[in-house]
Amino acid sequence: MHQNKFKSIYLSLLAAFICLLFPWSGLALTLRPDFMLLVIIFWLLRAPNQCSVGTAWFMGLWVDLATGGIFGQYALAYTVTTFFAVIYQRRLVLFNSTQQLVYVFSLLFISQLILLILKTFASKEFLGWSYFLPSITGVLVWQIAVTLGLNTGRHSRGK
Amino acid sequence: MMQGIHHNFDQQQAPAFFARGPSPLARLAFFTALSLALMATDSRLQYLANVRESLMTLLHPLQVVANAPSQAYRFTNEYFSTHHYLLYENERLRKQALRQDIALQRLNLLSLENTNLRNLLQANKKLTETSTLGEIMHVGRDPFTKKIVVNRGKNHGVVTGAAVVDATGVVGQVTRTYPSSSEVTLITNKSLAIPIQIERNGLRAIAFGHGRDNTLDLPFLPANVDIRSGDRLVTSGIDGVYPAGLAVATVSEMKTTPDSPFARIVCIPTGGIENHRQVLLVSIPRTEVETSDDSAINEKNKPLPVTKSGAGSLMPAANPNTKPVQDSSKKMTPGAAEQNPQKPLPNNQSAANASE
């Protein structure tokens, strides 16, 4: 059972990583949701013992590698975000779907905000408010996944 | 109600109250410290370059998998492209070839003439650049930096610092090489500067990427500088990175404000930074530059001792006797000697030598 769960966690993370590696360009690039963080948040809700801050940090390193930035930026952003997710994990499972959406949005937003702060330290310019669009598309993807029947923890009591 | 909540807690396999390892706060502290240490190491020291390279090799198969759908789509698209389109393209290419043939003939003549003149001058031979054709794999994923990744890397002889050019102009410069791919920073990136020359009047300047929108800036030029909108910027070649004479950008806006001593000049890059797939990676062999430089110095050291200073070389050479003096100027400023082969000869000199 545990073995199975581990497998599905890492397979889904790998799938999210490949989604990230797609040759996005132009508008799609500005709209691209952070698949990796979405999958991590999902597993934080469903299997917090198997997927935790360490996993998020590790996957963040791979995202850093793929984006070609300085090592540790995404890792730090994911670490802090998952920290907030883990703290409120028990409350989160009780949330209804709207509350959950707001919560997921704020998590995505936090990760982008941390990245923005890190990039500002590296003397990069703010890209305008469209920079935060991936948070919104991320929530949309989350909602679509929920509508399609993905169990995001709220109904997990039956299992 | 209360019971329901308790029921919830019992059933979910989420945080058990025992055996959950270190607290989230401890984990946060640990991994944050680790990330910060990594960032510091990566940005200040060079230790991680090799690690990154080997990890990128690991990542390559995944990248190929991720690229497969779009590649397949393009392939089928090309395969089923219409007869009409092919005919049209064939026609267009034939016309283009004809036009370029004529230009090429002129070029042959000119390069022949140029070689003759250079032989007369005993100047360094113009460097031949090595170039590799690459295809853009994907646009950089970091929205803060303007980068692209091309499918040629160290295994194909690409070196960091190579200029990246497409059919219409300069695109950027290779900033990182991996075994089978390399990262190109576009000229519109804020941190990239490119030495340019105004085609109309030969004025030299340095263009910087603007960073946010796809434009270039020409900063720190006085308000009365002779630049108009519509001027074409070409590479000056004095940096030893970009071959001279490549199109870079067109001036689109030239503004002067009374409160600033500098003009605000905005240029639009001519290279298809966002829309082409094939690019050429051009690298100028650095070692050859040095050796030819050294030989020039050695040759020069053997014959008559240098008597005149560099000032003498400023005068146009009217007879063969002044040649060593010109060489001496090269020796005294090795940097200039390195740049020299890139630059077209000043008109008066070549004219003087041609008349001999």
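Where chain A and chain B touch in this predicted model, each side has its own share: 42 residues come from chain A and 42 residues from chain B. On the side of chain A that touches chain B, the elements giving two or more residues are helix H1 (2–21), helix H2 (27–31), helix H4 (53–67), helix H5 (73–87) and helix H6 (89–92). Which of these gives the largest share? That would be H5(A), with eight residues. If you sort the side of chain A that touches chain B by class, you find 24 nonpolar, 13 polar and five charged residues.

Let's stay with H5(A) for a moment, and look at how this helix meets another one inside chain A. The partner is helix H7 of chain A, residues 97–121, and the axes of the two helices come within 9 Å, crossing at roughly 145 degrees. The crossing of H5(A) and H7(A) is right-handed. From H5(A), the residues that meet H7(A) include Leu76(A), Val80(A) and Phe84(A). Across from them, H7(A) brings residues including Leu107(A), Ile110(A) and Ile114(A). What classes of residue make up this contact? There are 11 nonpolar and three polar residues, and no charged residues.

Now let's move over to chain B. Its secondary structure comes to nine helices and 12 strands. Of the 356 residues in chain B, 26% are buried.

Some of the strands in chain B form a barrel. Six strands close into it, in the order E1-E2-E5-E4-E3-E12, and the pairing is antiparallel. On average, neighbouring strands of this sheet are turned by 45 degrees against each other, with direction ignored. To see one pair in detail, look for strand E1 (residues 130–139) and strand E12 (residues 278–283) of chain B, which pair in the antiparallel sense over six bridges. One place to start is Glu135(B), whose bridge partner in E12(B) is Gln278(B).

Another group of strands is linked through strand E9 of chain B, residues 232–235. E9(B) pairs with strand E6 (residues 193–198) of chain B in the antiparallel sense over three bridges, and here Ile198(B) has Leu233(B) as its bridge partner. E9(B) also pairs with strand E10 (residues 247–256) of chain B, again antiparallel and over three bridges. In that pairing, Arg232(B) has Thr250(B) in E10(B) as its bridge partner.

Terms used
Residues are numbered from 1 along each chain as its sequence is written. Chains are lettered from A and ligands numbered from 1 in the order in which they are written. This is a predicted model: local features need pLDDT of at least 70, side-chain atom pairs count only at pLDDT 80 or more; totals for chains, interfaces and linings use all residues. Two residues are in contact if their C-beta atoms, placed from the backbone, lie within 7 Å. Helices (H or I, at least four residues) and strands (E, at least two) are DSSP runs, numbered from the N terminus. Ala, Val, Leu, Ile, Met, Phe, Trp, Tyr, Cys and Pro count as nonpolar, Asp, Glu, Lys and Arg as charged, and the others, Gly among them, as polar. A residue is buried if 20 or more other C-beta atoms lie within 10 Å of its own, exposed if 12 or fewer, and partly exposed in between; C-beta atoms are placed from the backbone. Axes are lines fitted to C-alpha atoms, for helices over the stretch in contact, and angles run from 0 to 180 degrees between N-to-C directions. A crossing is left-handed if the near helix is turned anticlockwise from the far one by less than a right angle, and right-handed if clockwise. Two strands pair if DSSP finds at least two bridges between them.
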